[in-house]
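This briefing is for a reader who is new to the structure below. Please look it over first, then read the notes by topic.

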Amino acid sequence: MSMTVETAPGQKLYRAVVDALRREIETGRFAETQLLPAERVLCELLEVSRTTLRKAIADLIAEGVLFHRHGAGTFIHRATPRVEQPSSRLTSFTEDMRLRGLEASSRELERGVFLPTPEEAMMLGVRPNDRVFRLGRLRLADGSPMAIERAAVPIRFLPEQESVGDSLYEALSARGFRPTRGLQRLRATLLDHADAELLGVAPDSPALYIQRIAYLADGSCVEFTKSWYRADAYDFVSELTLSP
Ligand code: 16G
């Protein structure tokens, strides 16, 4: 395992190291970790001295490609954490992130009460004139965009929508309507321009499109949500058992 450092005519060696490191970062060589390998390891891989490496790293920090965390090392500024998500547990985004020590936050894209679309009416089992509360959000983990979620909830479960704060499930639970069962469908998709921009990735980047229908213990349908999860930030993991 080595990395090639090619100096263009007249180019300083440390600038060639900058280019080599940037190339490796862009091609996802360090994709499994955000921490840059130790100086000693990089010097060996690149066959350069520590002084040259440090100059290159300083430039990449100045460019915002890397950042230094005191006492912890040098990190790649790939802000997005990669999250492994068991696909068999009915948890909320806020809970999922909290369990991982990440801070969940949201940017609201849409909030209001509307007549249901035919699809929402069918999925939620409401009549065409039963209104639904619609909440569209960009969901972030430690400030990094992770997913776009567009939820629809029959308003009888949330008559005071102003009370819905950061967590939809917490608002539902507070009213005694915590979903207890869900059905989820995952599909691969490509992000359109607008959604890619919201998620901070290139247009046509892959995403996991997820539809969730959640039910209360009495069987009534409380939520129909469409989500677009960044494919580079999420692994959905299922436990498989032999059926009896
Ligand atoms: C999860 C659910 C989403 C639900 C949200 C509530 C998936 C694919 N989706 O993100 O359907 O509305 O949690 O989160 O897991 P909140 O309570 O943090 O608002």
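Leaving aside its neighbours within four places in sequence, A152 is in contact with P116, E120, L124, V132, R134 and F224, where contact means that the C-beta atoms of two residues, placed from the backbone, lie within 7 Å. This is a predicted model: local features need pLDDT of at least 70, side-chain atom pairs count only at pLDDT 80 or more, and totals for chains, interfaces and linings use all residues. Residues are numbered from 1 along each chain as its sequence is written.

**Nonpolar cores**
- A152 also belongs to the largest nonpolar core, which has 18 residues; L124, V132, A152, V153, L172 and V222 touch the most other members.
- A nonpolar core is a set of buried Ala, Val, Leu, Ile, Met, Phe, Trp, Tyr and Cys residues joined through C-beta atoms within 7 Å.
- Helix 5 (118-124), strand 5 (132-141), strand 6, helix 6 and strand 9 each supply at least two residues of this core.
- Another core, of 15 residues, lies apart from it and includes M97, L199, Y229 and Y234.

**Ligand surroundings**
- The ligand is surrounded by 14 residues, and the closest are S92, F93, T94, S167 and Y169; a residue counts as near if its C-beta atom, placed from the backbone, lies within 6 Å of the molecule.
- At least two residues of this shell come from each of helix 4 (93-99), strand 6 (144-154), helix 6 (168-174), strand 8 (206-215) and strand 9 (221-230).
- The shell holds 5 nonpolar, 5 polar and 4 charged residues. Ala, Val, Leu, Ile, Met, Phe, Trp, Tyr, Cys and Pro count as nonpolar, Asp, Glu, Lys and Arg as charged, and the others, Gly among them, as polar.

**Whole chain**
- The protein chain has 7 helices and 10 strands, which are DSSP runs numbered from the N terminus (helices H or I, at least four residues; strands E, at least two).
- Domain 1 covers 13-76 and domain 2 covers 83-237, with bounds from an automatic or database domain assignment.
- The C-alpha centres of domain 1 and domain 2 are 37 Å apart.
- Along its principal axes, the C-alpha trace of the protein chain spans about 70 × 45 × 30 Å.
- Of the 244 residues of the protein chain, 25% count as buried, that is, with 20 or more other C-beta atoms within 10 Å of their own; 12 or fewer is exposed, in between is partly exposed, and C-beta atoms are placed from the backbone.

**Residue D19**
- D19 is found in helix 1 (residues 13-26).
- D19 is partly exposed because 15 other C-beta atoms lie within 10 Å.
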